[in-house]
Amino acid sequence: MPDASHAPAPRQPDVAPLDVAIVGGGLAGLYAIHRLRKLGLKVRAYEAGSGIGGTWFWNRYPGARCDVESLEYSYSFSDELQQEWKWPERYGTQPEILKYINHVADRFDLRRDVQLDTRIKAATFDSATNEWTLRTDKGEVVRARYCIMAAGNLSTPRVPDFKGIGSFKGKWYHSGLWPHEGVDFTGLRVGVIGTGSSGVQMIPLIARQAKHLHVFQRTANFSLPARNAPMEEERERRHKAEYPARRRAAYDTPFAIGGYPRPTKSALEVTEEERNAAYEAKWQEGGSISYLYTYTDLLVNKQANDTASEFARNKIRGIVKDKRTAELLAPKDHPIGTKRLCLDTNYYETYNRDNVVLVDVRSDPIQEITEKGVRTGKEEYELDAIVFATGFDAMTGALREIDIRTSDGAVLADHWEGGPLTYLGLMVSRFPNMFVVTGPGSPGVKTQMIASIEQHVDWIADALEHLGKHQLDRIEPSPQAEAEWVGHVNAVADSTLYPLANSWYVGANIPGKPRVFMPYVGGFDRYKKRCDEVTAGGYEGFTLSGHKAEVA
């Protein structure tokens, strides 16, 4: 008689499919749970992390902070939530934002529909059953009528494949995979590779701890002072009293942030003296949106942008004492605002410290990571710790890590081989019933992200409600609508200065990634209007079908 311990495990009972499976337990996934529950749908979110929060769960590096003001970077779906939560600072820190997210999850009982420590590895749509089957890293099978990809735009960390990285005897870290217990750099020789947003935030704090800090910079980025400070009671009171009007006003702005007066003049219409006075006022005020809102044409006219760029470069030259270092830190290869514009606290001032050295790895590239540290073509830098602030496989990385395909032979990796294709940044042709939140082709990363998340999820919820009311169960964009939208996204980008920058907006930080401009930069206001028009027009560009009716 065979040993029962080696008998195959009994087949698990067939579990009824979900209405909606959600990939991701960050701000988008949580709001999707809340919104779709109201429709009576059975939903569940699958999160790879051991806690909710998405970006704010993973990015715990020193100085991690939002670059949108706290009173704006928050959910708007509940006025009670808006009124009761108190932000301690003008710009929220990672711990404070994660605390807020957990409060929201508890207040609206969202955790019961989140499965943690679960990474979705594959997702297949079966045309015959009109159903998605998702497979997890633990072998679990999930079935659902609809699938919402809420995996995030900056959630796939990129660790450079430097030769010899495994031989380093010290410890290395990535900004997007930071140890939850934190890192103490006291007395250590530290190297930070990368001077994007995360590098700009962490470098001043690491410099205070480290015995010596080498910053390895390939490309200088513009950074503006945040002017962060404790939240002023009167500022908070006034903002909260105006919340409904401010949120409505945000819908009519390009960045989904209200409260900033719209510019009315070109930078070239005024005198140099008047321009510099305006830039100085914005510099002292702090914040990136405010600076880019100084004049109407800073992102569309190179000559106008040159005035704003040179003002910022002169500020850097005035702060950094060493002239050579100042010139290396002053960006000259892209117009200001065409890359992610960083906000900082004492970033440039940090280079005046005796224990901080800037290494120009554009003129002397990194050759390899050695046992002792970092070796360029000319020198080896001995280090005890290396920090990679090298960013993410942005906008498409999270979805490309999942094997997404259909029974009809469509494979997302193939469909996106030449760059991401979407209709409105919300859906992909040949992949029915799969929605993407703030994906490529949407303005998400160029806006106040939570506003874009709510707009996307609300659109998806309205679409599912429409399907249900009309006894339909399938929605898919047409290839023609998709192609026209991608063409529009590129045409809008080409009418601006954005393509002049070699940025993660075009995947420039990922070797071999197609150079395609991914975000929609026509503005949140124009985008939302277009989405509303599509809905009002009977879901123009989509094919809706079901077992009792069919609408094309």
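**Naming what the model shows**

Biologist: Gln471 sits in the loop between H15 and strand S19 (474–477). What makes a stretch a helix or a strand?

Modeller: Both are DSSP runs, numbered from the N terminus: a helix (H or I) has at least four residues, a strand (E) at least two. This is a predicted model, where local features need pLDDT of at least 70, side-chain atom pairs count only at pLDDT 80 or more, and totals for chains, interfaces and linings use all residues. Residues are numbered from 1 along each chain as its sequence is written, and side-chain values use heavy atoms, with hydrogens and water left out.

Biologist: Why is Gln471 called partly exposed?

Modeller: Its relative accessible area is 39%. Buried means under 20%, exposed over 50%, and partly exposed lies in between (1.4 Å probe, protein chains only). Gln471 therefore counts as partly exposed.

Biologist: Where is Asn433, and is it buried or exposed?

Modeller: Asn433 lies in the loop between helix H14 (412–415) and strand S18 (434–436). Its relative accessibility is 0%, so Asn433 counts as buried.

Biologist: What makes Glu69 buried?

Modeller: Glu69 has a relative accessible area of 13%, so the word is buried. Glu69 is found in the loop between helix H2 (55–58) and helix H3 (79–84).

Biologist: Which residues does Glu69 touch?

Modeller: Arg90, Tyr91, Arg235 and Tyr260, leaving aside residues up to four places away in sequence. Contact means heavy atoms within 4.5 Å.

Biologist: Why are H15 and H17 called roughly parallel?

Modeller: Helix H15 (residues 449–469) and helix H17 (residues 524–536) pack at about 5 degrees, with axes 12 Å apart. Axes are lines fitted to C-alpha atoms, for helices over the stretch in contact, and angles run from 0 to 180 degrees between N-to-C directions. Angles under 35 degrees count as roughly parallel, over 145 as roughly antiparallel, 65 to 115 as roughly perpendicular and the rest as oblique. H15 and H17 are therefore roughly parallel.

Biologist: Which residues in H15 and H17 meet?

Modeller: From H15 come Ala451, Ser452, Gln455, His456 and Trp459. From H17 come Phe524, Tyr527, Lys528, Cys531 and Thr535. By class, this contact has five nonpolar, four polar and one charged residues. Nonpolar covers Ala, Val, Leu, Ile, Met, Phe, Trp, Tyr, Cys and Pro; charged covers Asp, Glu, Lys and Arg; the others, Gly among them, are polar.
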